[in-house]
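Here are some friendly notes for you to read alongside the model. Have the coordinates open as you go through them.

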Amino acid sequence: MNIDSKSFVLLNLTNSRICFLTFCLLTTEIHAAGSTYGTYFRVTTFGESHGGGVGCIVDGCPPRIPLSEADLQVDLDRRRPGQSRITTPRKETDTCKIYSGVSEGVTTGTPIHVFVPNTDQRGHDYSEMSVAYRPSHADATYDMKYGVRSVQILAYVSQVHQVVLPEDQIDHQSLTLDQIESNIVRCPDPEYAEKMIAAIDTVRVRGDSVGGVVTCIVRNAPFFDKLEAELAKAALSLPATKGFEFGSGFAGTFLTGSEHNDEFYVDEHGKIRTRTNRSGGIGGGISNGETINMRIAFKPTSTIGRKQHTVTRDKKETELIARGRHDPCVVPRAVPMVEAMVALVLMDQLMAQYAQCYMFPVNPELQEPIKLPPSIEAMNMSI
């Protein structure tokens with residue numbers, strides 16, 4: 001086949017354009033903000049806090065798991081606004097309704113649809129904010145971008161502003177939900193709880209806000225891999241989060257290897273344990289069976305009742321005083337949210353672990369079979 005020089009140049013140019021176009025089509029993707037988490041156990045959220053309501057779709061939940069609206073309502077009550085003077089005064093019952101995926105008190109294996117309607121929304125409180133960007137909110141960035149083991153998960157408030165609960169003040173092995181829920185700030189130590197409440201009250205009356213830290217522990221954790229990254233991603237997906245650390249965290253950088261390492265030993269039950277837990281229950285990206293210990297930092301609430309300098313969409317400088325009802329500190333209400341995100345990650349990882357490592361007989365010297373809760377085990381036996 002003979003091709004003259006002009007045809008050759010034209011052919012090359014055409015091929016180059018095709019290749020460039022193909023390259024762009026293959027490598028350029030535009031993603032909206034993520035609202036789904038999980039691979040095997042997936043949760044998709046929808047709705048707006050100041051709109052008609054919020055909800056979620058849970059996909060991948062196995063069938064025959066006992067579930068009712070009352071089960072969900074317990075944690076919704078812990079997170080709802082208007083609980084005390086240190087949370088937003090907005091009154092919402094946060095009453096949930098399950099519309100699909102559950103029949104006669106048990107899951108069906110199909111997607112579970114849960115919806116929570118809003119009853120006290122005030123859209124007009126935010127009319128100014130549709131023009132002027134709220135400092136430290138996502139308004140500007142969104143505008144510019146778009147135009148099954150018995151795992152126990154407990155979270156509590158360990159810091160509010162400059163009030164820091166000492167790490168050795170709480171025994172994570174004996175910590176209970178009742179201790180955490182015994183006060184409005186959700187700190188299990190009564191003395192430090194009062195100090196935290198006082199710190200929030202001080203800024204609340206000034207129309208200002210403070211941040212803090214939520215500590216989350218996972219007791220009786222099974223063995224999962226790639227766990228640190230997944231937990232970090234899930235926790236930092238929560239609104240207002242600004243920091244995340246495991247175990248010794250940043251403080252571990254001041255130690256030497258011999259000071260920081262968790263030495264192994266065999267306990268009285270013949271199980272391999274670690275004498276210390278500076279790794280936070282995770283080594284090499286895999287949970288080691290010790291208590292998983294993590295801390296999530298939350299910034300001061302961005303919406304405050306004090307005058308702030310900002311700009312409008314047409315680039316004019318202005319001042320903004322935020323209207324509406326907002327938390328002087330979001331940390332107390334973040335506690336059940338942290339627990340839920342950690343539980344979601346563990347469930348997704350558990351299903352992956354089961355598929356990968358329990359299809360074949362376990363190694364009894366190093367592994368334990370997954371034990372189902374008695375209610376589910378009895379249900380399976382009857383089928």
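1. A word on conventions. This is a predicted model, in which local features need pLDDT of at least 70 and side-chain atom pairs count only at pLDDT 80 or more, while totals for chains, interfaces and linings use all residues. Residues are numbered from 1 along each chain as its sequence is written, and side-chain values use heavy atoms, with hydrogens and water left out.

2. The overall picture. The chain has nine helices and 18 strands (DSSP runs numbered from the N terminus: H or I of at least four residues for helices, E of at least two for strands). Of its 383 residues, 38% are buried (buried is under 20% relative accessible area, exposed over 50%, partly exposed in between, using a 1.4 Å probe and protein chains only). Carbon and sulfur atoms account for 57% of an accessible surface of about 22,400 Å² (Shrake-Rupley method, 1.4 Å probe; for residues, only the protein chains shown count as cover).

3. Salt bridges in total. The structure contains 14 of them, each defined as a side-chain nitrogen of Lys or Arg within 4 Å of a carboxyl oxygen of Asp or Glu.

4. A strand-to-strand pair. Arg 42 and Asp 59 form a salt bridge, with 2.8 Å between the closest N and O atoms. Arg 42 belongs to strand β2 (residues 42-47) and Asp 59 to strand β3 (residues 53-59), so the pair ties together parts 17 residues apart in sequence. Arg 42 is partly exposed at 28% relative accessibility, and Asp 59 is also partly exposed, at 26%.

5. A pair within one helix. Asp 75 and Arg 78 meet in a salt bridge at 3.0 Å, N to O. They sit three residues apart in helix α2 (residues 69-79), which means about one helical turn separates them. Is Arg 78 buried or exposed? Arg 78 counts as buried, at 7% relative accessibility, whereas Asp 75 is partly exposed at 38%. Both residues also take part in a salt-bridge network with Glu 181, Arg 186 and Glu 339.

6. A loop-to-loop pair. The side chains of Asp 208 and Arg 306 form a salt bridge at 3.0 Å, N to O. This pair links distant parts of the chain, 98 residues apart: Asp 208 is in the loop between α5 (190-204) and β10 (212-219), and Arg 306 in the loop between β16 (292-298) and β17 (308-311). Asp 208 is partly exposed at 24% relative accessibility, as is Arg 306 at 39%.
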